[in-house]
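Have a go at each one before reading its solution.

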Amino acid sequence: MAAATLINLLPIQASSSSSSTCTNYSSRITPYVSFYPQVSRSTTFPSLSFKLPTNSNRLSAFTIVSAVKKLSELDPLTVPSKPDEFSDELPSESGVYAVYDNNNEIQFIGVSRSIAASVLSHRKSVPELCSSVKVGVVDEPDRTTLTEAWKSWMEEHIAATGKIPPGNESGNGIWVNRAPAPRKKPDIRLTPGRNVQLTVPLEELIDRLVKENKVVAFIKGSRSAPLCGFSQKVVGILESHGVDYESVDVLDEEHNFGLRETLKKYSNWPTFPQIFVKGELVGGCDILVSMHEQGELASLLKK
């Protein structure tokens, strides 16, 4: 068996389809993957380790079919240089990304549930190494698809250069061994419980909430574990902007009983999620995505 080199992969967020058992897969020609057991839906994986053969001539024959384009087929996007700048070109969806320095050398290849949020985090921690980035959005981002997309980019880079990106080398603490991500802000519960009689109408509680907070997102599920693709996209966009927002789970029948029907009447909007900014309804997922892509959302959130 050829000698092996250890490669680090940035932690990724588990999805509801993630396996809760330890999966070990290896062969003479396939990278070895080791996942940690007992993973819940909202758990962040520790670093994943891959062993790739160091003989780059053998890699091209075993490249995994990927859900994204090849690195060589993509154009780089400029990473904003100022901390308060946000690039509308950076997608908030899940996928893989490759960070380049000022000399157009790849420094790190990562995978993320929100590409924009991860890239902007790198810019804050290692701005001198983040000049541009290539991104590949994965349309159906389950754990296996994301991992295979990352592996295909890594194999392509090693085959072309014969080396691993510095940030992916074992022991490199700049990109991988970062402090644990802060815990997600808890979701708002409008009532103490389903069987507790309210002294204030639910509609008034909604009105107070949206008017006393700059941004409020009524979503399906929690911000840590959205239960629909539209809600997940809304959470990703808001977090990529770094805005402080409140979230309310409209499916929480214990603490938000009757919220869905009451909110539809309050906002005169029939579907969820619903996003309010400064007491005014912005709309649902499609409108938020459109505003995000056109730069209108960034301007609105700065006011």
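**Exercise 1.** Is the crossing in which α4 passes α6 left-handed or right-handed? Then work out how the two helices pack and who makes the contact.

*Solution.* Keep in mind that this is a predicted model.
- Start with handedness: α4 passes α6 in a left-handed crossing.
- Next, the geometry: the axes lie 10 Å apart, and α4 and α6 pack at an angle of about 30°.
- Now the residues: α4 brings Phe 230, Lys 233, Val 234, Ile 237 and Ser 240, while α6 brings Cys 285, Leu 288, Val 289 and His 292.

**Exercise 2.** Find which residues of α6 are buried, and explain how they are arranged around the helix.

*Solution.* 
- Take residues 285-294 and pick out the buried ones: Cys 285, Leu 288, Val 289, Met 291 and His 292.
- Look down the axis of α6: these buried residues fall within an arc of 165°, so they line one face of the helix.
- Check the other side, where Asp 286, Glu 293 and Gln 294 are exposed.
- Ask what does the covering: α4, β11, β12 and α7 are among the elements over the buried residues.
- Finish at the end of the helix, where Gly 295 follows with a positive phi near 85°.

**Exercise 3.** Which members of the largest nonpolar core touch the most other members?

*Solution.* 
- Of its 18 residues, the answer is Val 215, Ala 217, Val 234, Leu 238, Tyr 245 and Ile 275.
- Trace the suppliers: β9, α4, β11, α6 and α7 each give at least two residues.
- Zoom in on Ile 275, whose contacts include Val 234, Cys 285 and Leu 288.

Key. Residues numbered from 1 in each chain as written. Predicted model: local features only at pLDDT ≥ 70, side-chain atom pairs only at ≥ 80, totals over all residues. Heavy atoms only, no water. Buried < 20%, exposed > 50% of the residue type's maximum accessible area, 1.4 Å probe, protein only. Helix = DSSP H or I, 4+ residues; strand = E, 2+ residues; numbered from the N terminus. Arc of directions from axis to C-beta. Contact = heavy atoms within 4.5 Å. Core = buried A, V, L, I, M, F, W, Y, C linked by side-chain atoms within 4.5 Å. Axes fitted to C-alpha atoms, helices over the stretch in contact; angles between N-to-C directions. Left-handed = near helix turned anticlockwise from the far one by under 90°. Lists of a residue's contacts leave out its neighbours within four places in sequence.
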